[in-house]
Protein chains: 4
Amino acid sequence: ISKVCETYSLKPTQFHALHSRSAAAKATAYCPYSRFRVGCSILTENDQHIDGANVENAAYPVGTCAERVAFGKAVTEGHRKFKAVAVATDISPPASPCGMCRQFIREFCELQTPIFMFDKDGNFVVMRLEQLLPLSFGPEALPPPGSLPARG
Amino acid sequence: ISKVCETYSLKPTQFHALHSRSAAAKATAYCPYSRFRVGCSILTENDQHIDGANVENAAYPVGTCAERVAFGKAVTEGHRKFKAVAVATDISPPASPCGMCRQFIREFCELQTPIFMFDKDGNFVVMRLEQLLPLSFGPEALPPPGSLPARG
Amino acid sequence: ISKVCETYSLKPTQFHALHSRSAAAKATAYCPYSRFRVGCSILTENDQHIDGANVENAAYPVGTCAERVAFGKAVTEGHRKFKAVAVATDISPPASPCGMCRQFIREFCELQTPIFMFDKDGNFVVMRLEQLLPLSFGPEALPPPGSLPARG
Amino acid sequence: ISKVCETYSLKPTQFHALHSRSAAAKATAYCPYSRFRVGCSILTENDQHIDGANVENAAYPVGTCAERVAFGKAVTEGHRKFKAVAVATDISPPASPCGMCRQFIREFCELQTPIFMFDKDGNFVVMRLEQLLPLSFGPEALPPPGSLPARG
Ligand SMILES: [Zn+2]
Ligand SMILES: [Zn+2]
Ligand SMILES: [Zn+2]
Ligand SMILES: [Zn+2]
């Protein structure tokens, strides 16, 4: 743990909070369809934790994931820089964020941001965003509006 | 206003809070692509207000709307019953929730729930959920799992 | 049936094709998670039928619905005007398109376009798009790009 | 090119078709909002090509990407095994599939499947699915239904 904290510039208390909060957030999931609970906790630049869980829908594609709930909260509360992301599920080995969430995270996090994935027993895997979504594109990739032909 | 409050069982202070909070929430939007700010405020059964705004993404379909951000927060904070929803934008006549958000709201709100749509000047239109999403389906519509053949 | 065809300006053969093709399209669904098959058939302005079915994903929100598969095909094959939409499922009463699909359809269909919803026995309900998605917004609703402040 | 074809078990004619078809498919995009055209072509196990392009929506999150249009077509036409995917855009360096599409593709393709990304001049980058979406989860990852507690 101490080595992990050093590698990713986190304090042990922050790491433990990421673990315990993401695990606790599972209890707030609304997932009657998949019955697959996911909890997420993110650590902002100024050391606040913001949590989320999956919220499903009878029309499956309309539901949303834990990571997007947490980042939706964080961004609309004014946060734009983040130190770490944690995701927890009830399976082992740990589940990773889906591709859609990796893309959502990409909009706001540096490529070096660590993403911790905790399994049901608290064991974890950690990867940086650039490892989970290589060759990604984000806000900087779109051509500036002026360079495009007028709409319609 | 007093007539509206009576029709929808709201106190005037609640109505005004729905208006001012949804309008204020526009300032929390992240919408560099559409530059179309949307704010949302929802009133829970126990008279709490929970707000949200749209959070866009360089991959447009990955972004999310104000209503889903607000309901994502509310549901993962334990709320399951709601008195009213308000949405505010910078145009006139007021914009309505997109179909995807109407479906997301449908999962958690009674069909009679009023949805207030405020324009840039504070004028509004109000419709009940069942009017915005007629003939809808929600959690009760899916066949119980036991009635379906085994997966795969 | 003949009255329905008259009301919605369809030939009986077109109506029957909408029914049989949307019902047949159910067999092409990929839905191991919900086990809820949906078939869709749309009739283009020049009397072509284009079909689709739901395609689900292990990450539920990443999946797509029958209607969006069918319209995705149709639009990328060059169609922009449509006479009717049909959806078929294995339940009764018939299921309606989810809100997300109503919005997707709204981009391309006139508000008067009929949407037929067939149940497992071939009985149906029909509503016009404007009835299924009242007070909707579409391509015409967004402010023209030039009227917005520069990005960033 | 011949080395690339050898590495990914493609014939040169197949590679050229992937390039020319994905580039041509850009012309079928409906993208009035981003004005960012994307074309996609996929090669099925039995050597059929199926193409798609992005189809946007006034409600940005409701739109869909080229890759999901193409796979939606392919899957509902009965294809379940694929040899290669190609994506083409009007920028350079080439754009990669968004995270949501990587997840959609993950449901149907082997991890070794090559994904070609062509830029505006026909130059390309190629990566295998497992490189674009490492540590991914797919259909095999979800616990079998019977192992979960009853819904609700
Ligand atoms: Zn996700
Ligand atoms: Zn919306
Ligand atoms: Zn749908
Ligand atoms: Zn995509």
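Visitor: What relative accessibility does D90(C) have?

Guide: This is a predicted model, in which local features need pLDDT of at least 70 and side-chain atom pairs count only at pLDDT 80 or more, while totals for chains, interfaces and linings use all residues. Residues are numbered from 1 along each chain as its sequence is written, chains are lettered from A and ligands numbered from 1 in the order in which they are written, and side-chain values use heavy atoms, with hydrogens and water left out. A residue is buried under 20% relative accessible area, exposed over 50% and partly exposed in between (1.4 Å probe, protein chains only). D90(C) counts as partly exposed, its relative accessibility being 33%.

Visitor: With which residue does D90(C) form a salt bridge?

Guide: A salt bridge places a side-chain nitrogen of Lys or Arg within 4 Å of a carboxyl oxygen of Asp or Glu. D90(C) has such a bridge with R37(C), the closest N and O atoms being 2.9 Å apart. The pair links distant parts of the chain, 53 residues apart: D90(C) is in the loop between β3 and α4 of chain C, and R37(C) is in the loop between α2 and β1 of chain C. The salt-bridge partner of D90(C) is R37(C).

Visitor: What is the N to O distance in the salt bridge of D47(D) and K83(D)?

Guide: D47(D) is partly exposed, with a relative accessible area of 37%, and K83(D) is also classed as partly exposed, at 29%. Their side chains meet in a salt bridge, with an N to O distance of 2.6 Å.

Visitor: How many salt bridges does the structure hold over all chains?

Guide: Side chains of opposite charge can pair when their charged atoms come close. One example is D121(D) with K120(D), whose closest N and O atoms are 3.2 Å apart. Over all chains, the number of salt bridges is 28.

Visitor: How many residues apart in sequence are the parts tied together by C65(C) and C101(C)?

Guide: Helices (H or I, at least four residues) and strands (E, at least two) are DSSP runs, numbered from the N terminus. Both C65(C) and C101(C) are buried. C65(C) lies in the loop between β2 and α3 of chain C and C101(C) in helix α4 of chain C, so the pair ties together parts whose separation in sequence is 36 residues.

Visitor: Why is helix α3 of chain B largely enclosed, and how many of its residues are buried?

Guide: What covers its buried residues includes β2 and α3 of chain A together with β1, β2, β3 and α4 of chain B. Helix α3 of chain B is largely enclosed by the rest of the structure because its buried residues number 11 of the 11.

Visitor: About how much area do chain B and chain A bury between them?

Guide: The contact, meaning heavy atoms within 4.5 Å, takes 32 residues from chain B and 32 residues from chain A. Buried area is the accessible area (1.4 Å probe) that two parts lose on being put together, summed over both. Of the area that these chains bury, 66% is on carbon and sulfur atoms, and the total is about 2,600 Å².

Visitor: Which residue of chain A forms a salt bridge with K73(B)?

Guide: Between chain B and chain A the count is 2 salt bridges. In one of them the closest N and O atoms are 3.9 Å apart, and K73(B) is joined to E77(A).
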